[in-house]
Amino acid sequence: MDFTKRTEPYALFSEWLEDAKESEPNDPNAVAVATVDADGLPNVRMVLLKGLDERGFVFYTNFEGTKGKEVLGAMKAAMCFHWKSRRRQVRVRGPVEIVSDEEATAYFNSRHPQSRRGAWASDQSRPLADRETLIERVQHFQEKYPDDDNIPRPPHWSGFRILPSEIEFWQDGDHRLHDRVVFTPDGQGGWATQRLYP
Ligand SMILES: Cc1cc2nc3c(=O)[nH]c(=O)nc-3n(C[C@H](O)[C@H](O)[C@H](O)COP(=O)(O)O)c2cc1C
Ligand SMILES: Cc1ncc(COP(=O)(O)O)c(C=O)c1O
């Protein structure tokens, strides 16, 4: 079916993500996340999408790093997926909420034990003298939390959910005559759609 005729964005997004899983060499869930700092200067970096339901789009990070502080400062963010193999783009923007402690802990516990210790060891986005310092810090948390099944989630490590005020789907067309459709909440629990010029 022509995606520009769809009336609900999450099923469409899930289908496009499944398509990407078949053709992207790695990280089909990789997505650029844009934030602004206190001066309104934009910032952008990749994360992995780790949660998706009809509330929104979830990623996990250190809340004391640059992106964590920028999201917490504005409580707004935007995302851009680009699946080169499919010539597709999806953009998401909106206010942000913090996922529940239960949700964050469940995701944290699903990570590799060394990634869990790494979350303790990394003062994300802050200056690091040399790699040895990082390795020593990982070793410190290896000794502090030797049991793979008992590594607590750091209080500064959790997830953000973008609650979309817009979701835009883009599919490459010949000679730059692309198809674009943007979904916005209709205020009654459904979605309004609008085709846009490419
Ligand atoms: C494909 C890819 C996925 C990434 N996923 C995450 C992620 O889910 N969470 C995260 O904190 N950093 C992730 N990173 C690292 C970030 O891009 C970034 O370097 C780091 O979070 C620090 O960003 P900040 O200084 O803006 O906070 C990922 C990097 C790449 C290239
Ligand atoms: C620092 C950091 N945190 C989190 C992630 C998300 O992936 P995972 O939770 O699977 O480690 C990544 C992925 O690259 C990352 O680099």
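The questions below ask how labels given to parts of this predicted model follow from their cut-offs.

Residues are numbered from 1 along each chain as its sequence is written, while chains are lettered from A and ligands numbered from 1 in the order in which they are written. In this predicted model local features need pLDDT of at least 70 and side-chain atom pairs count only at pLDDT 80 or more, whereas totals for chains, interfaces and linings use all residues.

Q: What makes a stretch count as one of the 5 helices or 10 strands of the protein?
A: Helices are DSSP runs of H or I with at least four residues, strands are runs of E with at least two, and both are numbered from the N terminus. On that basis the protein has 5 helices and 10 strands. Its C-alpha trace spans about 55 × 35 × 30 Å along the principal axes.

Q: How do you know that the length of H1 is close to the expected value?
A: The expected span is 1.5 Å times one less than the number of residues in the helix. H1 (residues 9–23) has 15 residues, and the distance from its first C-alpha to its last is 21 Å, close to the expected 21 Å.

Q: How does the span of H5 compare with what its 14 residues should give?
A: Helix H5 (residues 131–144) should span 20 Å at 1.5 Å a residue, and its end C-alpha atoms are 20 Å apart, so the two agree.

Q: Why is H5 said to lie largely in the open?
A: A residue is buried if 20 or more other C-beta atoms lie within 10 Å of its own, exposed if 12 or fewer, and partly exposed in between, with C-beta atoms placed from the backbone. The number of buried residues among the 14 of H5 is 0, so this helix lies largely in the open. Over the protein, buried residues make up 22% of the 198 residues.

Q: Why are the buried residues of H1 said to line one face?
A: The buried residues of H1 are Pro-9, Phe-13, Trp-16 and Ala-20. Seen down the axis of H1, they fall within an arc of 65 degrees (taken over the directions from the helix axis to the C-beta atoms), so they line one face of the helix. An α-helix has 3.6 residues a turn, so residues three or four places apart point the same way. On the other side of H1, Ala-11, Ser-14, Glu-18, Lys-21 and Glu-22 are exposed.

Q: What do the buried residues of H1 pack against?
A: They pack against strands S5 (76–83), S6 (88–98), S8 (166–171), S9 (179–185) and S10 (191–196). Contact here requires C-beta atoms, placed from the backbone, within 7 Å.

Q: How do you know that H2 also has a buried face?
A: Lys-67, Glu-70 and Val-71 are the buried residues of H2. Down the axis of H2 these residues fall within an arc of 100 degrees, so they line one face. They pack against S1, S2, S4, S5, S6 and S7.

Q: What makes a set of residues a nonpolar core, and which have the most contacts inside the largest?
A: Such a core is a set of buried Ala, Val, Leu, Ile, Met, Phe, Trp, Tyr and Cys residues joined through C-beta atoms within 7 Å. The largest has 25 residues, and Met-79, Val-90 and Val-92 have the most contacts inside it. Elements that each supply at least two of its residues include H1, S5 and S6. Leaving aside neighbours within four places in sequence, Val-92 is in contact with Phe-57, Ala-78, Met-79, Ile-162, Pro-164 and Ile-167.

Q: Why is Arg-87 called exposed?
A: Arg-87 has 12 other C-beta atoms within 10 Å, so it is exposed. Arg-87 is in the loop between S5 and S6, and its phi is near 55 degrees, a positive value in a residue other than glycine. Most residues other than glycine have a negative phi.

Q: Why is His-175 called exposed?
A: The count for His-175 is 6 other C-beta atoms within 10 Å, so His-175 is exposed. This residue lies in the loop between S8 and S9, also with a positive phi, near 55 degrees.

Q: What makes Gly-51 partly exposed?
A: Gly-51 has 18 C-beta neighbours inside 10 Å, so it counts as partly exposed. Gly-51 is found in strand S3 (residues 51–53).

Q: What places a residue in the shell around ligand 1, and which are the closest?
A: Its C-beta atom, placed from the backbone, must lie within 6 Å of the ligand. Around ligand 1 there are 16 residues, the closest being Val-47, Thr-61, Thr-66, Lys-67 and Ser-125. S2 gives the most, with 5 residues.

Methods. Contact = placed C-beta atoms within 7 Å.
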